[in-house]
Amino acid sequence: MDTFALIVTVGVALFFTYTNGFHDSANAIATSVSTRALTPRAALAMAAVMNLAGAFLGSGVAKTVSEGLIETPHGDSGMAILFAGLVGAIAWNLVTWYYGLPSSSSHALFGGLVGAALAGSIAVHWWGVFGKIVVPMFLSPLVGLLVGYLVMCAIMWMFRRANPHRAKRGFRIAQTVSAAGMALGHGLQDAQKTMGVVVMALTIADVQQHNEIPIWVKFASAAMLSLGTYAGGWRIMRTLGRRIIELDPPQGFAAETTAASVMYSASFMFHAPISTTHVITSAIMGVGATKRVSAVRWGVAKNIILGWFITMPAAAFSAAVIYWAIKLVFG
């Protein structure tokens, strides 16, 4: 196996993690920044540190990515499949980041891997894709929407007699904790996805014969996610923090707490790689609907949901084209 191909593929995987960080950093901090609970730079620094910590909390999601979606490819063709899948995902991340659309980096990665596998005639574990990707893709936003609505209703009832100004100050402080929890969950979910891909690359290159995650892979993935997070995601932050609904501190706290809870449950209980973007967006919608349904700008929400549906096919198509181009050039 060409060592250079392995180094390039691992490097591209880590670069994907970096784009994931600046693409999805808004997920953890947009609500806290929009309610002025945290300054943008303080929020980004906190999110970067918590992403780093979250990456070391488990490995279930990484094993799902490395074992449950496609058959482990072999040889030069296998490394080309991984490379094409990653580049396809990165391309879609950059397009959606440029237009400020909070699509899912996770689903871009999954779509890229499936598209490249199909182009390279590698078996796709469709039942795993359906059970671990498609079902959570639809279920997690519904759970986020419902739980966000219920959590906000509970907060409104519990603090119905509280002084509004004092309550908002308290929730602004509490948002520091909920945003940290959200960032920790982001690291737990998204860093592991890259770890799974790197483990596949090491297996293809016969560097290791098992699916354990080396410590250097954990640290490198976590570090790149943190660096990308600190680079910021201002375009997407504006969409999540302002354009869906104008959030106040209690609403921001409810949305972040809901999203973090869903991510921890998916990671530890089901080892399911869900989209942090989907969960926080739907939680914001659910929280906003407690004010009045018309308070949510459903036109913006519709465009975001459309992005959810086209992400996997678009990334899959991009990855397939890239794989065919590699085979055409290098044979």
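Is F171 buried or exposed? With a relative accessible area of 8%, F171 is buried, a word that here means under 20% relative accessible area, while exposed means over 50% and partly exposed lies in between (1.4 Å probe, protein chains only). The model is a predicted one, so local features need pLDDT of at least 70 and side-chain atom pairs count only at pLDDT 80 or more, whereas totals for chains, interfaces and linings use all residues. Residues are numbered from 1 along each chain as its sequence is written, and side-chain values use heavy atoms, with hydrogens and water left out.

F171 also takes part in an aromatic pair with F253. Rings of Phe, Tyr and Trp (its six-membered ring) pair if their centres lie within 6.5 Å; planes under 30 degrees apart count as stacked, over 60 as edge-to-face and the rest as tilted. The structure holds five such pairs. For F171 and F253, the ring centres are 5.5 Å apart and the planes stand at 55°, so this pair is tilted. The two residues link distant parts of the chain, 82 residues apart: F171 belongs to helix α7 (residues 164-204) and F253 to helix α10 (residues 249-270). Helices here are DSSP runs (H or I, at least four residues), numbered from the N terminus. F253 is partly exposed, at 21% relative accessibility. Together with F159, F171 and F253 form one aromatic cluster.

A further tilted pair joins F138 and F309, with ring centres 5.6 Å apart and planes at 55°. Because F138 sits in helix α6 (residues 126-158) and F309 in helix α12, the pair ties together parts that are 171 residues apart in sequence.

Now to the open space. The largest pocket holds about 430 Å³. A pocket is an open set of points on a 1 Å grid over the protein atoms alone, where a 1.4 Å probe fits, with protein on both sides within 12 Å along at least five of seven lines; lining residues have an atom within 4 Å of a point. Of the 14 lining residues, A5, D76, A80, I326 and F330 are the closest to the centre of the largest pocket. Two or more lining residues come from each of α1 (3-34), α4 (75-98) and α12 (298-330), and α4 gives the largest share, five residues.

Note on methods. Grid points are joined across faces, edges and corners, and a volume is the space filled by probe spheres set on the points.
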